[in-house]
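Thanks for coming, everyone. I'll walk through one model today, starting with a helix and ending with a loop. Please have the structure open.

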Amino acid sequence: MIPHEAEPPGNLAPGDLVVARNRKWDGGAHWVVPGSYLGEDSHGWWIFQPKGSFISRPGAAFHARSDAVLLVPRTGDYVATFYDDTYPGDFRVYVDLAVGHGWNGIRPGTFEFHVIDMDLDVIRSVSRGVYIDDEDEFAEHQVRMEYPRDLVDRMLRETEQLYQAVKAQHAPFDGTDAEWFRRGRA
């Protein structure tokens with residue numbers, strides 16, 4: 001089983017560069033998103049990803065069209081990205097089911113946060129409300145990448161719990177991100 005090692009290095013300080021790096025179960029590259037560390041609260045560690053940041057994954061690269069805030073949770077098999085009304089797209093909350101949370105110090109003031117993306121997403125959108133996405137990808141990858149059965153069961157349970165939390169707007173999906181956007185833009 002992939003452990004959840006969410007505790008960042010002790011020398012991580014507000015303003016430090018944090019590069020969020022996702023990969024797939026088979027080790028394949030996925031999203032890379034830079035940001036700056038804001039701080040922590042009872043939910044976890046918050047990273048500001050400003051408009052204009054260069055975001056990439058195999059087959060796609062662009063500059064972010066708005067600010068976003070990433071939450072690395074203290075517990076749970078996910079990471080959550082929050083968008084506000086400045087985002088020109090439809091998402092407001094985008095929760096990636098993920099395992100293997102970990103941190104690496106690159107050099108003073110520069111860190112990497114990494115996870116293994118497990119395909120499933122819980123999304124709050126303006127037009128569609130709250131829904132679960134990429135169930136087809138999860139089903140395909142269970143076979144192709146040989147996900148362990150206990151991991152599949154764990155991801156399905158976590159997805160349902162997150163779906164209910166986002167739908168009911170339980171913390172941290174209750175507007176908690178607004179303060180972190182304010183800090184990031186200050």
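How many residues does helix 2 have, and how far does it reach from its first C-alpha to its last? It has 20 residues, 149-168, and it reaches 29 Å. At 1.5 Å a residue, 28 Å is expected, so the helix comes close to that. Keep in mind that this is a predicted model.

Now the buried side of the story. In helix 2, the buried residues are Leu-151, Val-152, Arg-154, Met-155, Glu-158, Thr-159, Leu-162, Tyr-163, Ala-165 and Val-166. Note that Arg-154 and Glu-158 are on that list.

What covers the buried residues of helix 2? The cover includes strand 7 (78-82), strand 8, strand 9, strand 10 (129-133) and helix 1 (135-144). Just after helix 2, look at Gln-169: its phi is positive, about 55 degrees.

On to the cores. The largest nonpolar core has 30 residues. Inside it, the residues with the most contacts are Phe-82, Val-95, Met-118, Val-122, Met-155 and Phe-173. Two or more residues each come from strand 3 (44-49), strand 6 (68-73), strand 7, strand 8, strand 9, helix 2 and helix 3 (177-185). Helix 2 gives the most, with 7 residues.

Click on Phe-173. Setting aside neighbours within four places in sequence, Phe-173 is in contact with Tyr-78, Ala-80, Phe-82, Val-93, Val-95, Arg-124, Leu-162, Ala-165 and Val-166.

Next, the rings. Phe-173 turns up again here: ring pairs link it with Trp-46, Tyr-78, Phe-82 and Trp-180 into a cluster. The model has 10 aromatic pairs. One of them is Phe-91 with Tyr-94, edge-to-face, at 5.0 Å centre to centre and 70 degrees between the planes. Phe-91 is partly exposed at 24% relative accessible area. Tyr-94 is buried, at 16%.

Then take Trp-103 and Phe-113. Their ring centres are 5.0 Å apart and their planes sit at 55 degrees, so this pair is tilted. Trp-103 lies in strand 8 (residues 91-107) and Phe-113 in strand 9 (residues 110-125), so the pair ties together parts that are 10 residues apart in sequence. Are these two residues buried or exposed? Trp-103 is buried, with a relative accessible area of 11%. Phe-113 is buried as well, at 1%.

The charged end of Arg-128 sits over the ring of Tyr-131, 3.6 Å from its centre. Arg-183 does this with Trp-180, its charged end 4.2 Å from the ring centre. That is the Trp-180 of the ring cluster.

Last stop, a loop. Ser-66 lies between strand 5 (60-63) and strand 6. Its relative accessible area is 6%, under the 20% cut-off, so Ser-66 counts as buried. Which residues is Ser-66 in contact with, beyond its neighbours within four places in sequence? They are Gln-49, Pro-50, Lys-51, Tyr-83, Thr-86, Tyr-87 and Pro-88. Look at Tyr-87 in particular. Ser-66 and Tyr-87 are 21 residues apart in sequence, yet 5.2 Å apart in space, C-alpha to C-alpha.

That's my tour. Over to you.

Note on methods:
Residues are numbered from 1 along each chain as its sequence is written. This is a predicted model: local features need pLDDT of at least 70, side-chain atom pairs count only at pLDDT 80 or more; totals for chains, interfaces and linings use all residues. Side-chain values use heavy atoms; hydrogens and water are left out. Rings of Phe, Tyr and Trp (its six-membered ring) pair if their centres lie within 6.5 Å; planes under 30 degrees apart count as stacked, over 60 as edge-to-face and the rest as tilted. Buried means under 20% relative accessible area, exposed over 50%, partly exposed in between (1.4 Å probe, protein chains only). Helices (H or I, at least four residues) and strands (E, at least two) are DSSP runs, numbered from the N terminus. A charge sits over a ring if NZ of Lys or CZ of Arg is within 6 Å of the ring centre and within 35 degrees of the ring normal. Contact means heavy atoms within 4.5 Å. A nonpolar core is a set of buried Ala, Val, Leu, Ile, Met, Phe, Trp, Tyr and Cys residues joined through side-chain atoms within 4.5 Å.
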